[in-house]
Amino acid sequence: MEGYPNAAAKFSREANLQPQQDETSIRARQEIQSFIHSGDIQAAIETLNELDPQILDDDEALHFSLLRLQLVELIRSSSASGDDIGPALKFATDQLGPRAPGNPHFLAELERTMALLLFPPDKLEPQLASLLDPDLRRDAADSVNRAILAKQSARREAAIRHLVRMRAWAENTARDKGLGLPDRLDIGLRGDEPDGQSGRLFGVENGHEPMVTN
C-alpha cells in the first residue's frame with residue numbers, strides 16, 4: 001500500500017506468509033510518487049494516465065491539485081533561473097484558467113498560486129511560502145497513491161499507520177484534558193524486555209494499559 005514491495009516481500013518470507021501483492025501496480029505507484037517528489041509533475045500525470053486515465057477524469061479536485069502543483073514548479077523554475085515567466089502564464093491560462101471559474105476553491109487556489117509571481121522567493125508571506133514547501137509535493141503524492149488504491153478497490157492506508165495515528169490522537173487528547181501522562185509511553189516493540197519476552201504488544205507497559213490493536 002505504501003509502495004515498498006521489497007520490504008513487503010521480506011516481511012512475508014519471515015512471517016511464512018504467501019505474498020499478496022501486484023508488483024506491477026506497486027512499481028507504477030512508486031514511479032508516479034517519485035516523479036511528484038522530484039517536481040516532474042507532467043511525467044507523473046502522464047504515467048498516471050497510462051496506468052488508469054479514469055482516475056483524473058473522475059476526480060476533478062485531484063487533477064486540479066496536480067496541475068496547480070505543476071504551475072508551482074514552473075514558477076519555482078523561472079524564479080530560480082531568472083527565466084521568462086511566459087511558460088508559467090501560458091500554462092495557467094490554458095490548463096488552470098478554464099477549470100477555476102466554476103469552482104470558488106479552485107479560483108482561490110489559482111489566485112494564491114499566481115501571487116508567487118509578484119514577490120521574490122525570499123520575501124514571501126508564510127501563506128505563499130507554504131506553496132514552495134516540499135510538504136506540498138508529499139501531500140500530492142499521498143493523495144495520488146490513495147486515489148489509485150481506491151480505484152483498485154484496495155485499502156488506502158496501511159493498518160500500522162492508522163494505529164500510530166490513533167495512538168498519537170489518544171495521547172494528545174489525554175494530555176489536552178490534563179491527564180498526567182509521562183512524556184514517552186513504551187509500546188513493547190523493543191527486544192530488551194526484563195522478562196525476556198521480545199515485542200510484548202499486548203502486555204501492560206510501565207503500568208499503563210497496552211495500545212488497542214483491534
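1. Arg68 first. In this predicted model, Arg68 sits in helix H5, which spans residues 60-81. Its relative accessible area is 10%, so Arg68 counts as buried, the cut-off being under 20%. Beyond residues up to four places away in sequence, Arg68 touches Leu96, Glu109, Arg112, Thr113, Leu131 and Leu136. Note that Glu109 and Arg112 are both on that list.

2. Next, the nonpolar core. The largest one has 34 residues. Ile36, Leu48, Leu66, Leu71 and Val144 have the most contacts inside it. Two or more residues each come from helix H2 (23-38), helix H3 (41-51), helix H4 (54-58), H5, helix H6 (86-96), helix H7 (104-114) and helix H9 (134-151). H5 gives the most, with 8 residues.

3. Leaving aside neighbours within four places in sequence, Leu66 is in contact with Ile36, Ile41, Ile45, Leu48, Leu56, Ala140 and Val144.

4. Helix H6 has a buried side and an exposed one. Its buried residues are Ala88, Phe91, Ala92 and Leu96. Seen down the axis of H6, they fall within an arc of 100°, so they line one face of the helix. Lys90 and Thr93 are exposed, on the face turned away from that buried side. Leu96, buried in H6, is also one of the residues that Arg68 touches.

5. Overall architecture. The protein has 10 helices and 0 strands. Along the sequence the pattern reads α-α-α-α-α-α-α-α-α-α. Of its 214 residues, 31% count as buried. Among contacts with a separation of 6 or more, 51% join residues 24 or more positions apart.

6. Surface. The protein exposes about 13800 Å². Carbon and sulfur atoms supply 52% of that area.

7. Confidence. The mean pLDDT of the protein is 79, and 77% of its residues reach 70 or more. Confidence is highest in H3, at a mean of 95, and lowest in helix H10 (residues 159-176), at 78. Residues 191-214 have pLDDT below 50. Beyond near neighbours in sequence, that stretch still has 31 contacts in the model. Where pLDDT is low, predicted coordinates should not be read in detail.

Technical notes. Residues numbered from 1 in each chain as written. Predicted model: local features only at pLDDT ≥ 70, side-chain atom pairs only at ≥ 80, totals over all residues. Heavy atoms only, no water. Helix = DSSP H or I, 4+ residues; strand = E, 2+ residues; numbered from the N terminus. Buried < 20%, exposed > 50% of the residue type's maximum accessible area, 1.4 Å probe, protein only. Contact = heavy atoms within 4.5 Å. Core = buried A, V, L, I, M, F, W, Y, C linked by side-chain atoms within 4.5 Å. pLDDT = per-residue confidence, 0-100. Areas by Shrake-Rupley, 256 points an atom, 1.4 Å probe, with all protein chains shown as cover. Arc of directions from axis to C-beta.
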